[in-house]
Amino acid sequence: MEYKNTDEKLQTVKSSPDVVSHLVPNKEDCRTCENKSCQYVCPAGVYEWTDWDDRMLVKFENCLECGACRVACDKQSLVWKYPKAGYGITYKQG
Amino acid sequence: MTANKTDVIIVGAGVAGVAAGITLARAGKQVVIVERGSYAGAKNMFGGAIYDYPTKDIYPEFKEKAPIERVNKTHRYMITDDETAVTVSYNNEKSQTSYTVIRAKWDKWCVERAVELGAYYSPMTVVRELIVNDGKVVGIKTDEEEFFADIVILADGVNSTLAKQIGLRENLKDSEIAVGVKEVISLPKEIIEERFNLTDGSGCVTEIVGAPMKGITGLGFIYTNKNSVSIGLGVNIDELKKHKLTPNDLLNQLKEHPSIAPLIKGGELLEYSAHLIPEGGFNSIPKLYGDGVMVVGDAAMLVDNVHWEGTNIAMMSGMLAAQTAIEALEKNDFSAKMLSLYEKKFKETSFYKDMKTYKDVVKIVHDNSYSFLSFYPQKINEFFEMFTESGYIPKKSLYKRFIKNFVKKRNIKGLIKDVINFAKLFIGVLK
Ligand SMILES: Cc1cc2nc3c(=O)[nH]c(=O)nc-3n(C[C@H](O)[C@H](O)[C@H](O)COP(=O)(O)OP(=O)(O)OC[C@H]3O[C@@H](n4cnc5c(N)ncnc54)[C@H](O)[C@@H]3O)c2cc1C
Ligand code: SF4
Ligand code: SF4
């Protein structure tokens with residue numbers, strides 16, 4: 001089976017997502033953010049700009065907890081935390 | 001001694017933290033290792049290979065008892081263009097210095113050794129903050145509780161939110177951090193050994209520069225495990241931002257390269273994963289200590305960014321921090337001055353010296369990414385294309401045409417600049 005997009009690949013990662021997001025972008029900053037770099041650097045496709053809603057959609061349940069978005073955030077305003085104990089990913093093949 | 005106070009708390013059961021923990025436990029000190037994953041290794045990913053030195057100093061029995069995948073006896077360097085590749089392969093059947101492991105198994109095995117020696121281990125515990133009293137680190141705060149210790153060792157990896165809290169680290173710069181993605185693809189043992197030309201139990205490490213990361217600071221890799229192949233790449237975050245690329249797209253392209261696709265053909269994806277890599281090298285090393293605290297491994301950006309070796313430096317720094325902690329406990333002195341001994345010890349290691357030797361390499365490559373990572377990889381491949389093809393045009397005119405083209409694409413000024421940069425690299429390394 002040949003997986004290409006991140007959603008397919010993420011099915012192979014064991015994960016137990018929390019109900020609240022551990023990633024909180026600053027709404028106002030995102031609106032005026034020109035590059036929206038979080039969308040490119042994320043290896044899990046967590047960030048998706050929604051034009052109709054004028055906000056950054058955060059599919060935090062897909063997060064691989066790498067930290068790339070925190071480093072990349074153009075406005076350095078993304079609030080980034082590790083998920084609570086017992087939540088998030090569990091790698092078996094890292 | 002109160003119920004929630006111990007000699008040393010270590011945050012993170014990665015390779016650095018456990019090396020520190022086992023060293024302290026061996027010396028009979030009270031040590032608590034705190035890990036956010038449900039087991040050690042659950043949140044970790046790397047290429048990967050661990051190395052004989054200093055692993056065997058910390059785990060003398062590792063070659064016989066640890067969960068090792070393969071002993072790496074072949075090393076390949078691939079310079080890729082879009083459709084072609086020039087590969088250099090080195091094989092040494094006697095080599096016993098590099099071993100592929102899977103972190104979920106390796107980290108777990110290591111922490112079990114530390115527990116056997118008396119370390120207290122607390123998985124599934126996220127440290128949110130350090131407790132600081134009068135500028136001195138005295139403990140940790142988790143989601144539920146507070147714990148106190150004479151010394152806290154920060155082994156919390158590349159994202160170290162804790163080193164940042166106490167000002168030992170600034171915000172990470174996007175040019176100093178790469179994001180790595182990896183796929184572990186299952187294949188039968190015999191097929192792996194056939195495709196990579198391996199004897200039973202030996203492994204092959206492949207490093208890849210060029211396409212699909214032409215002109216981008218990044219590196220591809222392939223490691224062989226017992227019954228799977230790990231393929232991945234790391235790219236600097238500023239490059240992804242600049243070129244508006246995603247790491248997953250680059251990995252898909254790497255897997256489709258005509259020289260790479262046959263190696264993983266027919267395999268099934270076992271797991272996709274991602275992790276950051278400190279790429280800043282020597283110039284990004286922070287102060288390694290403060291009052292009551294020391295920083296080790298990736299949390300202190302201690303990665304040899306040319307060879308992508310981090311586990312060995314992490315283990316070494318963990319061990320040296322623990323040795324310093326043992327001396328500090330004996331003298332009952334946990335001041336920054338006392339703990340500065342750790343930094344002094346680290347500066348005497350070959351790892352620190354190597355990081356210093358390579359201090360400008362990645363920067364020079366990064367600043368000249370077009371010539372080093374696009375133009376030359378392409379030209380090397382074109383040279384071999386010309387060299388190996390037979391046709392109606394005499395070779396001599398092909399060579400002439402190649403040289404003419406070479407100079408045309410990269411004018412004399414550009415070539416001189418490259419020569420100077422190559423020279424700078426070598427002088428920098430040999431100085
Ligand atoms: C793609 C890639 C390929 C690599 N390839 C190689 C290679 O082949 N060979 C090599 O030698 N090195 C390689 N490295 C580098 C190597 O993996 C690291 O340098 C090494 O793992 C660093 O060890 P560490 O213990 O400092 O950090 P880590 O291994 O990251 O361990 C940190 C630990 O702390 C835990 N933690 C973090 N924060 C908290 C908190 N707040 N509370 C509780 N626990 C916490 C984490 O869960 C983790 O277990 C590679 C890295 C990457 C990303
Ligand atoms: S880069 Fe930062 S500010 Fe910009 S869109 Fe993403 S989260 Fe918002
Ligand atoms: S931490 Fe990594 S995987 Fe999670 S959202 Fe940020 S970039 Fe994506």
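Begin by selecting chains A and B together: 43 residues of chain B are in contact with 32 residues of chain A, where contact means that the C-beta atoms of two residues, placed from the backbone, lie within 7 Å. The model is predicted, so local features need pLDDT of at least 70 and side-chain atom pairs count only at pLDDT 80 or more, whereas totals for chains, interfaces and linings use all residues. Residues are numbered from 1 along each chain as its sequence is written, and chains are lettered from A and ligands numbered from 1 in the order in which they are written.

Next, colour the side of chain B that touches chain A. At least two residues each come from α4 (103-116), β11 (177-186), α7 (237-243), α8 (247-256) and β15 (268-278) of chain B. These are DSSP runs numbered from the N terminus: helices (H or I) of at least four residues and strands (E) of at least two. The largest share, nine residues, belongs to β15(B). This side of chain B holds 22 nonpolar, twelve polar and nine charged residues. Ala, Val, Leu, Ile, Met, Phe, Trp, Tyr, Cys and Pro count as nonpolar, Asp, Glu, Lys and Arg as charged, and the others, Gly among them, as polar.

Now select ligand 3, which 14 residues surround (C-beta atom, placed from the backbone, within 6 Å). The closest are A:C42, A:V46, A:C63, A:C66 and A:C69. The site is shared between chains, because residues from chains A and B surround ligand 3. The shell contains twelve nonpolar residues, one polar and one charged.

Finally, move to ligand 2, with 13 residues around it; A:P25, A:C30, A:C33, A:C38 and A:C73 come nearest. Seven nonpolar, two polar and four charged residues form the shell around ligand 2.
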